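Here are my notes on the model you sent. Please read them with the structure open.

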Amino acid sequence: MSSRAFRALSLIILLLFSTTAAADNMVMGRVSLRGEIVLEYLTSSIEEHGYAIAHIQLCDGGMTDFGYKSDLYRVVFFGKIDEVRKISARYPELVAYLPLKIAVIAEKDETLLTVLDPDALAPFYRDRELRIQFARWKSDLMSIFEDVRRSTAGHRVAAD
Amino acid sequence: MPLLRSLLIGLALMTAIVSRPVYAGPDGGELYTEHCSACHQLKGQGGIGLPLLNAKLADVSDDYLRRTIRLGRPGRVMPGFMRMSDAQVNAIVRFLRERSGTESVAFSDQAIAGDPARGQLLYTEHCVKCHAADGSGEGEGTGVTQSRDRSFLVMPASISNPGFLASAPDEMLRRVIAAGRKPSGMPAFGRDKLSESEIDDVVAYVRSFEQQQGTAEGLDADERPTHVYESPYDFDMTVENVKASLTGANFRIFPDRLLEQGLIDEFSVNTRQIGVRFCNFNTLYGMLKIEPRLGVVLPCRITIMEREDGQVLLVVPNLRVVSRWFNNDELVSLWDQMEETFTEIIDEVTL
């Protein structure tokens, strides 16, 4: 058995036995800190998980003229080049959802992190390879959110 | 040797999995931390989501909690956890009960016979200030951003929300109106303010909000999350056509971004995969008021890619599918219209 096949098998077994529930379509995290600080923790955790930050988009930039109020609204785009290349070659329709993105919405000292749950795409595909990919993304996203939560808890303690 | 090592690791992994208490029920505390604490906070103090106060939990049935978890509050930030198993939902409810030391209240599912017309008058007099004329709890917005008034002790509940109405039986509404909700500042109307029959009239009026709700059209069985179109033109001409068509449809076009841009050095980026990003700020503003989390699917983008055989593809998200991920009927209705605009644009481009 090749190590790649073994890893895939291990992941499937883990998924089968996992007691962790899938969140419904959105994965959300909340941190009691200002958006700019959370954004820093978020981007460094994304990179620590092996992803490259493609860019960070200002979502509220052009909206203020219309009366939109937000202390901070950013979308962080990130991905792994090998994954993006593989998916764009084999499943071109999925490029609409790449790179991955996390919305950072802040209001005073409260920041909400939101991301589309990759599992929301799973019902449309039977392909095992894709389902493993969705599960891997989900797992990374949960881990990134947990990372941010822990790091920012440390930040609060340090600040106190 | 690598094979042996893989097998040993596999064996260790299997042992670890089998030794886990897989037969124990789901852990409500873990599920709560994962799915609920982002909004309600770890101890239920609330924040983006309403506080899960002991006094409030003591006022509701387990059934109300279960339905609330399942259905969420469409149009608000609370998602509906339809994919959770019954065991998982029950585990969260058990966890909430144990943590708060409260017990389920038994409510009858029987409808209460009140007069909604009389109830409307009473509602206007006593309830509008906090719950708003349409029962939405102080205007539009989901509670995530500053789009809502934040001066209340807690945000007034949206009592016309379909998730709330489907979760709360009439008898529970009657009890809440009569006894109030002290921790959230809702006064009791049952002492000397309203008679029992008047309370029943208000209940009947609140229940009548159900009839004012539209239902989003379902998806077709073969609907996909993305549309893929073949362009009859070459890559550069297709990109040009897309931009011209978007401009004609009053969209503002942002600078192009290559799909791989930022993920690898600029000399190695595939330049034949480009995302044409666009926006209509006025429309977007309206949509963000309805659903502030839209950023997770923004900006609108049409991806144009040239395949190895020279075929040019246009890849566009199916807005009908995407909008339904937000548990927000108002957004669904708007995006169903937007989907038609996208289809017209693509028709024009590929003509």
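Which residue in strand 5 of chain A is the bridge partner of M28(A)? The points below start there. Keep in mind that this is a predicted model.

1. **The pair.** The partner of M28(A) is T114(A), in strand 5 of chain A. Strand 1 and strand 5 (residues 110-116) of chain A run antiparallel to each other and share 6 bridges.

2. **The sheet.** In chain A, 5 strands make an open, antiparallel sheet, ordered 1-5-4-3-2. Strand 1 (26-31) and strand 2 (52-58) of chain A each have a single partner strand, so one side of each lacks a neighbour in the sheet. On average, neighbouring strands are turned by 20 degrees against each other, direction ignored.

3. **The helix on the sheet.** Helix 2 (residues 35-48) of chain A packs on this sheet. Helix 2 of chain A touches strand 1, strand 2, strand 3 (72-79), strand 4 and strand 5 of chain A. Its direction makes about 5 degrees with that of strand 3 of chain A.

4. **A cis bond.** Check the peptide bond from L98(A) to P99(A): it is cis, with omega near -5 degrees. P99(A) sits in the loop between helix 3 (81-90) and strand 4 (100-107) of chain A.

5. **Positive phi in chain B.** A132(B) is not glycine, yet its phi is positive, near 70 degrees. A132(B) lies in the loop between helix 8 (128-131) and helix 9 (162-167) of chain B. N250(B), also not glycine, has a positive phi near 70 degrees. N250(B) is in the loop between helix 12 (235-248) and strand 2 (252-253) of chain B.

6. **Exposure of these two.** A132(B) is partly exposed, with 17 other C-beta atoms within 10 Å. N250(B) is exposed, with 11 other C-beta atoms within 10 Å.

Terms used
Residues are numbered from 1 along each chain as its sequence is written. Chains are lettered from A and ligands numbered from 1 in the order in which they are written. This is a predicted model: local features need pLDDT of at least 70, side-chain atom pairs count only at pLDDT 80 or more; totals for chains, interfaces and linings use all residues. Helices (H or I, at least four residues) and strands (E, at least two) are DSSP runs, numbered from the N terminus. A residue is buried if 20 or more other C-beta atoms lie within 10 Å of its own, exposed if 12 or fewer, and partly exposed in between; C-beta atoms are placed from the backbone. Two strands pair if DSSP finds at least two bridges between them. Axes are lines fitted to C-alpha atoms, for helices over the stretch in contact, and angles run from 0 to 180 degrees between N-to-C directions. Two residues are in contact if their C-beta atoms, placed from the backbone, lie within 7 Å.
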